[in-house]
Amino acid sequence: MDKRLEERLFKILMIVSLGIVVGSLFMVIAVIIWNGAPSLSISMMTQTPKGGYYLGKEGGILNAIMGSLYLAFGSVILALIISLPAALSLQKDYIGKTRLAYYIRLSLDVLWGTPSIVYGAFGFIVMLYFGMRASLMGGIIVLTILQLPIMIRSMEEVIKLVPYELKEASYTLGATRFETTSGVVIRQALPGIFTAVILAFGRGIGDAASVLFTAGYTDSLPRSLFDPVASLPLAVFFQLGTPFPEVQQRAYASALILLIIVLTLSIVSRYLSRKFTKNIIR
Amino acid sequence: MKSHINIQDLNAFYGDHQALRNITVEIPQKQVTAIIGPSGCGKSTLLKCFNRLIDLTEGTRVTGKIIFDGIDVLSSSVDITDVRKKMGLLPQKPNPLPMSIYDNVAYGPRIHGIKEKNKLEDIVEKYLKIGGLWEEVKDRLKSPSNKLSIGQQQRLCLARGLAVEPEIILCDEPTSALDPVSSQHIEEQLLKLKNDYTIVIVTHNIHQAMRLADYVIHLYLGEMVEHGPANEVFENPKEERTRAYINGTILSDLKIDKEINLKGNVCPYNFVYAKQALHELSKGKILKLVVDDPLAVTEVPRGMEADGHGVLSVKQINKTDWEIVIRKQE
């Protein structure tokens, strides 16, 4: 084929795919703002649902906002505590080259692809077995399991990118494996670790299916770890399911709040991660 | 001559490939020992056996003994972090750690248990001075190490290695990634350090070996061809292979076909004049330049290499002047 034609075709292809990516993001945001912004109000963010809220009466979705934040932060912290050592141990300095590591990676990849309703159903069965009811605790645990493969695999990828020379430098100074990992590897991989956490947070706060059975839904704020708790994705789902147009509008407003939380966090994390990057060796 | 590292019957294997064969030699204390030989002859492997960095490469096997401070480094009962602490390594390519200049130097002392802030500050200052970097960085100790030039990074690596107070400094072609001025800096520091440390330097640059070494080990295809005091090996090698290797890379035997003096010219004019001079020569002829512009010392050789010519040597001949020897290619 003519070189110039090839070049031009490829250019068109790139523009089209970029257009689709950017365009769909903007359309999602635009539709949600268009439909949600008019019903967004301070009272919506500061009140829990009053009687008849789902019929279009007084109240807000503070229960879902707080519930989602509790669930997401709780599970992200728990997942981070488990993921970081797991990802570090998958380095080739530890078990990275063994058969075991191969099976761990395989399991994580399969888990990553597992639909979240499966996690929800699994969590539900386990909770029934132990006689627990839907609670903040249950939701956090299931969300943690949901986030683990995302966090561990993405962290492992950035940890793998840490140049071998850096580890060598640390070893030649008489550092142990642990000192090298904690002092050099984590520092160098920090921006990537941060991204992995944000990725997992986004997945956790946005997931409806896994918390449906395990965290339940309630109109009040949880007072302990063992109370059921509401969440934004389910709030969107329930409100959108009503036959009343004004409640459906509120569903968009709830989605807008969810979107704002996720966007704020990504922007803050980008800013923070830039601060961490200044020492990184390229 | 007192020996510091005593190597007995050392063999090293990468899988089935034997990289070192029956090496038996003593490294003299508080002298500079140069390990010379062509690429792939096992120079770096030998160095990596000393601090057992070779363990970190998969599929390697080492047999024999390396006696250092009365212990066999290769024995499995040895605490290897302790041995590594006593042997600093200056790598081929500078590898600063992802932290500030200060933290780079303090990293070693910290992991070996020094926590007091003022003590660490003293250590950092002392070793940055020994490494010859203090004056350039004393006002920005907290800035990232990746902001330093590559030559400064290598001096930082030297200071970092010295801060854990080793007895031996291992250098793995420490100037091969550096420009001539930075290389010279490193060589000067090494010469200053040899009164206090045992230095082992791997180099493929025979001139560097001549400038620095007191003792020379010549390796060829994993075997030790010859070893002895530097002046004996360089002036009167016992082995034909050593003679051939030294003569093959030595410049004093080269016939200089044209010599031009470009003192007083700045970059890029000296480069242009050099190119013109080279243009008049036929292929394979040798041109010698003398320059005094500091920029030219790095830029002219770089430009010549980019044009496909061979840069045979860049060296300082007096306080201001540098000599660049180029072989015309194409």
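The points below describe a predicted model with chains A and B.

1. Basis. Residues are numbered from 1 along each chain as its sequence is written, and chains are lettered from A, with ligands numbered from 1, in the order in which they are written. In this predicted model, local features need pLDDT of at least 70 and side-chain atom pairs count only at pLDDT 80 or more, while totals for chains, interfaces and linings use all residues.

2. Chain B overall. Chain B has 12 helices and 14 strands. Helices (H or I, at least four residues) and strands (E, at least two) are DSSP runs, numbered from the N terminus. The C-alpha trace of chain B spans about 65 × 55 × 35 Å along its principal axes.

3. Burial and contacts in chain B. Of its 330 residues, 43% count as buried. A residue is buried if 20 or more other C-beta atoms lie within 10 Å of its own, exposed if 12 or fewer, and partly exposed in between, with C-beta atoms placed from the backbone. Of the contacts in chain B with a separation of 6 or more, 66% are between residues 24 or more positions apart. Two residues are in contact if their C-beta atoms, placed from the backbone, lie within 7 Å.

4. A four-stranded sheet in chain B. The strands form an open sheet in the order β11-β12-β14-β13 (chain B), with mixed pairing. The edges are β11 (258-261) and β13 (310-316) of chain B; each has a single partner strand, so one side of each is left without a neighbour in the sheet. Neighbouring strands of this sheet are turned by 15 degrees against each other on average, direction ignored. Two strands pair if DSSP finds at least two bridges between them. β13(B) and β14 (residues 322-327) of chain B run antiparallel and are joined by six bridges. Within this pair, Val311(B) has Ile326(B) in β14(B) as its bridge partner.

5. Helices across that sheet. Helix α11 (residues 269-279) of chain B lies across β11, β12 (286-291) and β14 of chain B, at about 160 degrees to β12(B). Helix α12 (residues 294-306) of chain B lies across β12, β13 and β14 of chain B, at about 170 degrees to β13(B). Axes are lines fitted to C-alpha atoms, for helices over the stretch in contact, and angles run from 0 to 180 degrees between N-to-C directions. In the loop between β11 and α11 of chain B sits Pro268(B). The peptide bond from Cys267(B) to Pro268(B) is cis, with omega near 5 degrees.

6. Nonpolar cores. The largest nonpolar core has 134 residues, and Met151(A) and Leu170(B) have the most contacts inside it. Helix α6 (residues 136-160) of chain A gives the largest share of this core, 13 residues. A second, separate core of 15 residues includes Ala274(B), Val291(B), Val297(B) and Ile326(B). A nonpolar core is a set of buried Ala, Val, Leu, Ile, Met, Phe, Trp, Tyr and Cys residues joined through C-beta atoms within 7 Å. Among the residues that Leu170(B) touches are Leu47(B), Phe50(B), Met87(B) and Val200(B), not counting residues up to four places away in sequence.

7. The contact between the chains. It takes 21 residues from chain A and 23 residues from chain B. On the side of chain A that touches chain B, the elements giving two or more residues are α7 (164-172) and α8 of chain A. The largest share of that side, seven residues, comes from α7(A). By class, the side of chain A that touches chain B has eight nonpolar, seven polar and six charged residues. Ala, Val, Leu, Ile, Met, Phe, Trp, Tyr, Cys and Pro count as nonpolar, Asp, Glu, Lys and Arg as charged, and the others, Gly among them, as polar.

8. Helices of chain A. In helix α10 (residues 232-240) of chain A, the buried residues are Leu232(A), Pro233(A), Leu234(A), Ala235(A), Val236(A) and Gln239(A). Their cover includes α3 (62-89), α8 (177-206), α9 (209-214) and α11 (245-277) of chain A. Val28(A), in helix α1 (residues 3-36) of chain A, counts as exposed, with 12 C-beta neighbours inside 10 Å.

9. Backbone angles to check. Asp9(B), in strand β1 (residues 3-14) of chain B, has a positive phi near 50 degrees. Arg52(B), in the loop between α1 (43-50) and β4 (60-68) of chain B, has a positive phi near 55 degrees.
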